[in-house]
Amino acid sequence: MTLTTQIANQHFKSCLMNAAGVHCQTREELNEILDSQAATFVTKTATSQARKGNPEPRYVGNLHGSINSMGLPNLGIDYYLDYLSELDRSDLFLSVTGLSKEEIYQVLHKVQDASFNGLIELNLSCPNVVGKPQTAYDFELMHEILIEVFSFVNKPLGVKLPPYFDLVHFDQVAAILNQFPLSFVNSVNSIGNGLWIQDQTVAIKPKQGFGGIGGAAIKATALANVHAFYQRLNDSIAIIGTGGVASGRDAFEHILCGASMVQVGTALMEEGPQIFERLNQELKAEMTSYGYQKIEDYRGKLQYMEG
Ligand code: SIN
């Protein structure tokens, strides 16, 4: 029985890791992920300069779900590149973005020129920066950005997408993504701009309470996005499934929908890095119950009803 998987010629000992934003802002947090039974880590999404993010409270969660409006607090691209160059490993993910297309190019030029030899996750889907739309909901802009990015980046790069809700949008997005040598697509970021109410008041402070929804509440949407892109993307583009993973069964369903790697957000926030030991065990138990020895035995093999 093995949970090993592969993305862009990198081999991983397991198919479970953190989602960008959770337990990955500082080198101490990232070291704790490395010390856990996670396959690897992805850093907090880095911008050109350090950012404090939005005012607190900006995250509220429990085992059923979460709302956040963090606003991309991070220590800046130089911090993460320094740390990653010390580690000097090719199986780690660096998440990056910019608040404009120019900033995205600036950050990626730095990453391209640095000694970093891992995988780049370009976040095109943060819903929490005041006044900034989610890039990947503007298909023309996403296309333009990818043309420029692939004109100078030749390190393994994938994109983190927001959830889509319309079959025609899946077709349109896949048609754009299939034009590029993407190593992976990560579906999904939080469902943007939900509201949580406690007593009579919004649960978080920024943006009058509007924030990204994660956790169990978004599993159905996440699975649909993973499977829709699995059906539409070139075989060379691996899929990372993110959204609503709190048990081995949840991870199993993401893999059944086509995910090669599964990221954990809200449940990691609630349980801490020891969650990976439990998830690895539960996923193995789920696979055993179906007679599967490795994730390639069932990845993408979701069954449909006849007739
Ligand atoms: C945030 O920092 O606001 C969350 C990151 C994201 O949703 O991409």
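Start with the shell around the ligand: its residues split into 5 nonpolar, 5 polar and 1 charged. In this count Ala, Val, Leu, Ile, Met, Phe, Trp, Tyr, Cys and Pro are nonpolar, Asp, Glu, Lys and Arg are charged, and the others, Gly among them, are polar. You're looking at a predicted model, where local features need pLDDT of at least 70, side-chain atom pairs count only at pLDDT 80 or more, and totals for chains, interfaces and linings use all residues. Residues are numbered from 1 along each chain as its sequence is written, and side-chain values use heavy atoms, with hydrogens and water left out.

Now select the shell itself: Lys44, Asn68, Met70, Gly71, Leu72, Pro73, Asn123, Cys126, Pro127, Asn128 and Asn189 surround the ligand, each having a heavy atom within 4 Å of it.

Next, pick out the polar contacts (pairs of N or O atoms within 3.5 Å). A polar side-chain atom of Lys44 is 2.7 Å from a ligand oxygen. Asn123 also brings a polar side-chain atom, 2.8 Å from an oxygen of the ligand. With Met70, look at the backbone instead: an N or O atom there lies 3.5 Å from a ligand oxygen. On its own the ligand has 260 Å² of accessible area, and the protein covers 94% of that (Shrake-Rupley method, 1.4 Å probe).

Finally, select the cysteines. How many disulfides does the structure hold? It has 0, a disulfide being a pair of cysteine sulfur atoms within 2.5 Å. Cys126, back in the ligand shell, has the sulfur of Cys24 as its nearest cysteine sulfur, 13 Å away. Cys126 is buried at 16% relative accessible area (buried means under 20%, exposed over 50%, partly exposed in between; 1.4 Å probe, protein chains only). Last stop is Cys257, also buried, at 6%.

Technical notes: A polar contact is a pair of N or O atoms within 3.5 Å; within protein, one must be able to donate a hydrogen and the other to accept it, and residues adjacent in sequence count only if both atoms are side-chain atoms.
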